[in-house]
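Please keep the sequence and the model in view while reading.

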Amino acid sequence: MPDAALLIIDMQSALLDDAYQAGSCLRRVAGLAERCRFAGVPIVYLRQRLHDLPAGRTDADIHPVLAPRTGDVVLDKDSADSFLDTGLGDLLEELGVRRVIVTGFATEYCVDSTSRSLLSRGYDLVLVSDGHTTPERPLDAAPSAAQVIAHHNTTFSDIQYAGRSITVTPAAQLRFEAARAS
């Protein structure tokens, strides 16, 4: 069994309406998820409970491009930190995970909070540099969405947690061995 798991954080239709380069990010994460499934790497979806959706909106679920498959796990959450009151830590421990591959929405909130939390809990981090996104900003806003993403990729490339491995890499550069039949 692999020692890694893929987290897909808050990639929900309602949240991605105004996300920076959402379509290309969704396609990259979907491709990565397929490679993980082929290699037997567990996939865990974190889904933000959206209590304030406008009346009539029913798109709080995971975007169809990334729809969970049989064997994937979906955990609901109420906080930016995907470990808080979700059972994620227990699940990763049960699976024997040591390395967590992080993708999702929104870079500076849930992706950042979850990444720091998993490092503090003793996991190694693989941040998929082109596998997270955030809301677009108005043209004159600073920082732009692209700058937020670049800043977080740079921060996690440089930050240190004692005894932890931190890798920031594009989805295409992640390699997995194919799952072996038992």
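**Strands, charged pairs and cysteines**

Aspartate 61 is partly exposed, with a relative accessible area of 41%; here buried means under 20% relative accessible area, exposed over 50%, and partly exposed in between, with a 1.4 Å probe and protein chains only. The model is a predicted one, in which local features need pLDDT of at least 70 and side-chain atom pairs count only at pLDDT 80 or more, while totals for chains, interfaces and linings use all residues. Residues are numbered from 1 along each chain as its sequence is written, and side-chain values use heavy atoms, with hydrogens and water left out.

The side chain of aspartate 61 forms a salt bridge with that of arginine 47, at 2.9 Å from N to O; a salt bridge is a side-chain nitrogen of Lys or Arg within 4 Å of a carboxyl oxygen of Asp or Glu. Helices (H or I, at least four residues) and strands (E, at least two) are DSSP runs, numbered from the N terminus. Arginine 47 is itself partly exposed, at 21% relative accessibility.

Strand S1 (residues 4-9) runs parallel to S2 and is joined to it by four bridges; two strands pair if DSSP finds at least two bridges between them. Within this pairing, leucine 7 stands opposite valine 44 in S2. S2 also pairs with strand S3 (residues 73-77), again in the parallel sense, over five bridges. There, arginine 47 stands opposite aspartate 76 in S3. In a regular strand, side chains alternate between the two faces of the sheet.

How many salt bridges does a search of the whole structure find? The search gives eleven. Side chains of opposite charge can pair when their charged atoms come close. One of these contacts joins arginine 99 and aspartate 3, at 3.4 Å from N to O. The pair connects distant parts of the chain: arginine 99 belongs to strand S4 (residues 99-105), aspartate 3 to the segment before S1, and the two are 96 residues apart. Arginine 99 is partly exposed at 29% relative accessibility, and aspartate 3 is partly exposed with a relative accessible area of 34%.

A further salt bridge brings together the side chains of glutamate 108 and arginine 137, at 2.5 Å from N to O. Glutamate 108 sits in helix H4 (residues 107-120), whereas arginine 137 sits in the loop between strand S5 (124-133) and helix H5 (145-158), 29 residues apart. Glutamate 108 is buried, with a relative accessible area of 18%, whereas arginine 137 is partly exposed, at 25%. Elsewhere, salt bridges that share partners join Glu34, Arg37, Arg69 and Asp72 into one network.

The cysteines remain to be considered. A disulfide is a pair of cysteine sulfur atoms within 2.5 Å, and by this rule the count comes to zero. Cysteine 25 is buried at 2% relative accessibility, and cysteine 110 is buried with a relative accessible area of 10%.
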